[in-house]
Structures are given as C-alpha cells and as structure tokens.
Amino acid sequence: MDVTPSAKFEGEVSVYLGRYDDKLKDWLQSDMATDLNGDGYVDERDGHLAGVHNPQEVSIQVDLKQMASVLATNPDGLGGRSARPDIFVEGQFSVFDLLRYLVHIRPDLRFEQLIFPTESGRDTYEFVVSWDRNGDGLFDEADDNGYDNSHSKDWYARIKSHGGEQKKLNGSLDGKGPQGEAHYERLDQMWLQPGMGVRFQPFSTEMTQRRQWVQDREMARLAQFDGKVVVPQLMVNKGSGAPIVIQNLEVTAHDMRPDIFQPGVITKMDVFLSAYDQGWDVKFNYWPTLSTGAKVEHFALFSFDGLDSTVGRGWSTVYGEMATNGDFAAYQGHGEQIVNPGSRCEFHLPEKGGMDLLVDPEHCRLDWQFKFGGNVLHLMSDTWVMNQPVELVIAGYMSHYELWGMEEFNGEHSTQRDFSDAKDGSDWVALQTFDLPSPDEGSPVLTEQHFGWGVADCNECHNEVKQPLGHGGQNWPINSVDGFDQTQPYYCATCHGSNGAPLGHNETARCFWCHGGESHVPKHHGEASTQRLYQGDELVSNGKIYNNYPSDVNALPRDKFGNYEPYEAIWSAKNSDWDMSASFPDPYSCMTCHPNTQ
C-alpha cells in the first residue's frame, strides 16, 4: 500500500446546542403537505412555497487547536488529552471530548454527574447535563417540546460529517441537514473529525433507553465470546444470486489508522479485512479530497469476491443489531400516496427486540423519523470504532444509475450537457472511441525524447503562433468529421499515444470530483486545469442541484452548516455540474490518455 493517511486535528467544527426547531419537517409530516410546485414530489421546496421556512441558527465555531490546548491543562480531571487514551492517540479527540471542552469554557453548560466507562457497564462515559437555555443563570428550563434541559440524563449528540461546498437540496428529513444524524454509538469512541457538525441536545427518555439497550447487547456479545469481537453474521449482497453469508466472523485489528487510533482498536473496516484473512478477495481504496472541498481522507470498500466498484456502482454498508434495522425511517407521502409509513418505534415487538418500552408517537416522530441514523450513518468504516461487536454487517452492491441517474452521461454532445431530461443514462454523449496506437502501426507514437513529454495540452506548443504547421503543411488537426471546431489534445492522443500519462484507477467517471477542486488539479491540461466563476442562470442544472429556484432568498440552498445562504456565484472547475470543457471534456478526454486499470 502506498497510502499513509495522516489526519491532523486542526481546523474547526461547528456546534449547536439544543433541539432544532424544524418547521419544515413538521409541515412535511402533516396533512397540510402537498405538491405545490407540481414536480411530482413533496419536499422542502413545496414547504417554501407554502411560506414555511426553518429558522437560521448561529453555530459555535470551535477551533480544534484551541480545544486541544485547553484540554491539555486537564481542566476536569479526566486527563490532559482525550478522556479515552485507550482509544485515541495523543492529539486526537472524541465527540465526548468536545462536550468536555464546551462545559469548561461556557457558563451556560455544565456536567451534573459523570459516570466512568468502568462504572457504566457499557464501556463509555455517561453523563447528566444542565443547560441554561435562556441565559438567566437558573438552569431550570425545558424547551418548547417539553424536552428537559435541567439535570438531564437524556442529552446526547447528533453528528454531521463535512460535506464540502453544498450544492444540492439538503432536506429536513434526511438527517444530513440542520438536524444532524442521531445514532446509538458511544460518544467517547467516536472520532471528532475536522469539519464535522455536532448538535448536543436533549432526546426523549425512550431514545436513551433504546441506545443503552443496543450497547448492552454489544457488551453481552463481547462477554459471550470471552472478550473477542465476533460478528455473528456478515452478509454480502452482490446484486444478483444468493448473498454471501459468513457466520461468527472473529474481527481483529489491522491498525489501518494509526494516525487516529491506538494499536488494537477495532474499526468496522476490520470486519472486511478479517474476512480477507479468511481467504475472501477484499480490496479497499483511499479517497483524498473531492472537488467540492470535502476532505474525505478515508478508505472505502472497493471490491468483495471479485466484484469491483465501477462507474456508477459501488458498495454500501450497514452495521448494527438486526432489531434496529429500520429504527430511523422518515414518513413520506400523503393521502393515498404513502411511500414510507416511517418508523413506528414499536420496540416492544419481538422482531424489534421485545423491549419493555412504549414510545410516545410524537417522540417517535421527532427523534427517529429521518432517512438516516442508527445503523445507517454517514461515517466511513475506517474511523467507525467497533470494540464491541455488532450483530449484523451488510455490504450491498448498489447502482447509482438506478438510484439517481448519472449526469456525466447526459448531454447532446461533448460541448453541452442537458440535465433536464434523462436521468437513467439514456441521454448519451456522441463521442467516438479509439484504441491507442502501437509503435508498429506507423504513427509516430511519442516517447520521452519528445520535447513536450508529459504535457497534456498539445496546444501549449502546437498552435497558430508556435509550431503552426503539421500533418503535411496543415494546421494541427481538428476532428471536424465528428462536428468539433477546435483542437482537442485527447484527439491527438488517439494516434500519437498518451505522451507519458499514467494509468487511471478504475474509479467513478466523474474525474472532476477529485481533479477539479483546489487540490489534485492537473497541470498542463488547458481548460481542465482552470476554474471559472459561474453565476446567475449558469448555476441552473437539474433538480438535484438546488439553484434552479426563483430569486426568493428563502428558496435558496443552505451553507455547509445547514443554514440558508444564496449561491449567487460559485468558483468551480471548467468540468463541473454546470459546464464541460470543449477541449478536455470530462471524463472522455481523461480516459483516452488515462485508461482505467484495476
């Protein structure tokens, strides 16, 4: 492996205190919700037309270096580093450590009680919190829904991973918006990733009971297998045929993230690496930074049993108890058009765990009815700690074509993308494909002796001013037969070879996701090496991009913290969701010189 991740605890995280007043969710899950814009869906856009808007919030911006400096003074007696030095290497911290920091620096937040991991029986810190919501110094107030902010054992955290520059509809029901995603994970074992958004809030007592039930099950399973982390079932659904089922898989640490975790800490990535140890063909790849500015910097499952991620297709993973599958599901639909009835929180049923617990329906709606949460979180498996075994791991091979369509195949020709029609890949781009030549075919295939070796943009040297004549006295060739009217260096490569370009890496066909942002931008690739300012009507594309709305500011997108912010102008790569380079169109020109390889 030639990748050595080096996560730095620097930058900022965004913090919110208290429950979010999600008026859009209330409207969407009421009888008033209807398709007002006639697009066939009922979503936040219809709520905006009905005059329903979510309030803006001011986030608490926490500088991570400052947080580390304060905790280094051991202000609460839990140590001058993470409260879990058995989990995190020095210099890395957990979401619980963030709460420690806030309690120390803010007069309106305090711990009333701390229960240590050795005392809780769940290998995690448990706590009782008071928050002075109105700032009167009395710590005696509940919120508008009756959730307790005083001496509350029901405070916990929602989390939201950094998504880079948001350009899409970020809905209320998906949990990725201003709410954040609720979960059953241990906060002191959850890595606080730079750029993350965290909401500390009171939950219902029922949520606390459900979370502790899940953690108790994991502890019992650890004891059952004498301290070994054994996953009773790993199920791999390859998309066709019977799924692969591996039972009682012992999971051991492979220490893939020594920049974050202590040796021996087990992550959910180790589930698949332990399957590899048993002879299964398993591959991971590493994703750095995307063109949106999102710093991924994680390993992702790439292949299982010979089935690789390919263009538009890849792996989705789920971890948890069988009984908690479906705990978080949003109610969708109205009248006779019920798409999903949503989570019912019927945890007393045998298939849901048989708990002695009845959940208030309104608590169920407010705490559980989201599209993501629980077993399905936006956390990468290489940093998702699993020192206590879950009951079930599912890996499913999924097609983005079937789920969302693939925009890179939309468009009438290579200089224009029409996002308005096809969503299934049928609106194809008219391009010819060529095999790269070999030296014995007669074409002068370029070698290292070529003065422009490694320079992708042939036009830097071969243009009307420099080296103007070629091909028998004519200007450098233009593929006019196929309707093009300018020189395209990748067309030159079809006869003269790749000019030293390295092979590709069999990833998504949207090369600009990684090679179009502030980092990983290729040099000497003409328009593909540049960014430009897109503004106004240029920002309109398809329904998945949030900028195709009226000028009403309340109908515009949210920023990376979930707040509303109009995108009047965006700097973006020439190859992007809004444009395509005529000389270096993504991904077609890329694949001519950088053919994919496994």
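The following legends describe close-up views of a predicted model. Local features need pLDDT of at least 70, side-chain atom pairs count only at pLDDT 80 or more, and totals for chains, interfaces and linings use all residues. Residues are numbered from 1 along each chain as its sequence is written, and side-chain values use heavy atoms, with hydrogens and water left out.

**View A. The aromatic pair of phenylalanine 9 and phenylalanine 93.** The ring centres lie 5.0 Å apart with the planes at 45°, so the pair is tilted (rings of Phe, Tyr and Trp, the last by its six-membered ring, pair if their centres lie within 6.5 Å; planes under 30 degrees apart count as stacked, over 60 as edge-to-face and the rest as tilted). Phenylalanine 9 belongs to the segment before β1 (12-17), and phenylalanine 93 to the loop between α3 (64-71) and α4 (95-105), 84 residues apart (helices, H or I of at least four residues, and strands, E of at least two, are DSSP runs numbered from the N terminus). Both phenylalanine 9 and phenylalanine 93 are buried (under 20% relative accessible area, 1.4 Å probe, protein chains only).

**View B. The stacked pair of phenylalanine 96 and phenylalanine 127.** The centre-to-centre distance is 5.9 Å, with 25° between the planes. Phenylalanine 96 lies in helix α4 and phenylalanine 127 in strand β4 (residues 126-131), 31 residues apart. Phenylalanine 96 is buried at a relative accessible area of 1%, and phenylalanine 127 is buried at 7%. Ring pairs join Phe96 and Phe127 in a cluster with Phe111, Phe116, Tyr125 and Tyr156.

**View C. Arginine 211 over the ring of tyrosine 156.** The charged end of arginine 211 is 3.5 Å from the ring centre (the criterion is NZ of Lys or CZ of Arg within 6 Å of the ring centre and within 35 degrees of the ring normal).

How values were computed:
Buried < 20%, exposed > 50% of the residue type's maximum accessible area, 1.4 Å probe, protein only.
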